Amino acid sequence: VYHWIEMKTKMRIMGFRSGQVQPLSEEVAADLGAELLGEGIVFFIGGVCIFAEYMRQSANSARKEEELNSTLQSLQEQVAQLSLTVEELDARIRENHRLVHSLPQASK
């Protein structure tokens with residue numbers, strides 16, 4: 001079948017009228033089959049390697065994204081804590097100012 005399709009296509013490309021395609025001899029057909037099988041195996045292994053690399057890169061990317069999300073979450077928590085600390089210190093300062101202003105003024 002492969003030989004028939006190949007020959008018909010070549011004849012049409014070259015502009016010849018396609019006639020009867022002669023069948024291959026057993027030896028030539030075996031060589032062509034072995035070549036096709038070898039190429040198929042090589043392409044299959046190449047495809048598996050590409051797929052494996054894609055999966056590895058996807059896993060690495062997901063791991064990095066998870067690390068970044070974890071770091072971002074940690075930083076957001078620290079900012080929230082620092083914000084509360086600043087508000088607490090600001091309240092203490094205001095209270096101290098109020099206490100200082102409520103003390104009687106010392107005369108000179």
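**Pairs along a helix**

Reply: Let us begin with spacing in a predicted model. R94 and D90 are four residues apart in helix α2, so about one helical turn separates them.

Me: What do R94 and D90 form, and how far apart are the closest N and O atoms?

Reply: Side chains of opposite charge can pair when their charged atoms come close. Here R94 and D90 form a salt bridge, with 2.5 Å between the closest N and O atoms. D90 is partly exposed, because its relative accessible area is 36% and that class lies between the 20% and 50% limits.

Me: How many salt bridges does the count come to?

Reply: The cut-off is a side-chain nitrogen of Lys or Arg within 4 Å of a carboxyl oxygen of Asp or Glu. By this rule there are five salt bridges. One of them joins E67 to R63, at 3.1 Å from N to O.

Me: Where do E67 and R63 lie, and how many residues apart are they?

Reply: Both belong to helix α2, and a spacing of four residues places them about one turn of the helix apart. E67 is partly exposed, at 45% relative accessible area, and R63 is also partly exposed, at 42%.

Me: With which residue does R56 form a salt bridge?

Reply: The partner of R56 is E53, and their closest N and O atoms are 2.7 Å apart. These two residues are three apart in helix α2, so the separation is about one helical turn. R56 has a relative accessible area of 44% and is therefore partly exposed. E53 is partly exposed as well, with a value of 36%.

Me: Which residues form a nonpolar patch on the surface?

Reply: For nonpolar side chains, the joining distance is within 5 Å. The patch consists of L37, I41, F44, I45 and V48, which together have about 510 Å² of accessible area. I45 lies in helix α2, and its relative accessibility of 47% makes it partly exposed.

Notes:
Residues are numbered from 1 along each chain as its sequence is written. This is a predicted model: local features need pLDDT of at least 70, side-chain atom pairs count only at pLDDT 80 or more; totals for chains, interfaces and linings use all residues. Side-chain values use heavy atoms; hydrogens and water are left out. Buried means under 20% relative accessible area, exposed over 50%, partly exposed in between (1.4 Å probe, protein chains only). Patches are made of residues with over 30% relative accessible area and no salt bridge: like charges are joined within 9 Å, nonpolar side chains (Val, Leu, Ile, Met, Phe, Trp, Tyr) within 5 Å. Accessible areas come from the Shrake-Rupley method with a 1.4 Å probe; for residues, only the protein chains shown count as cover.
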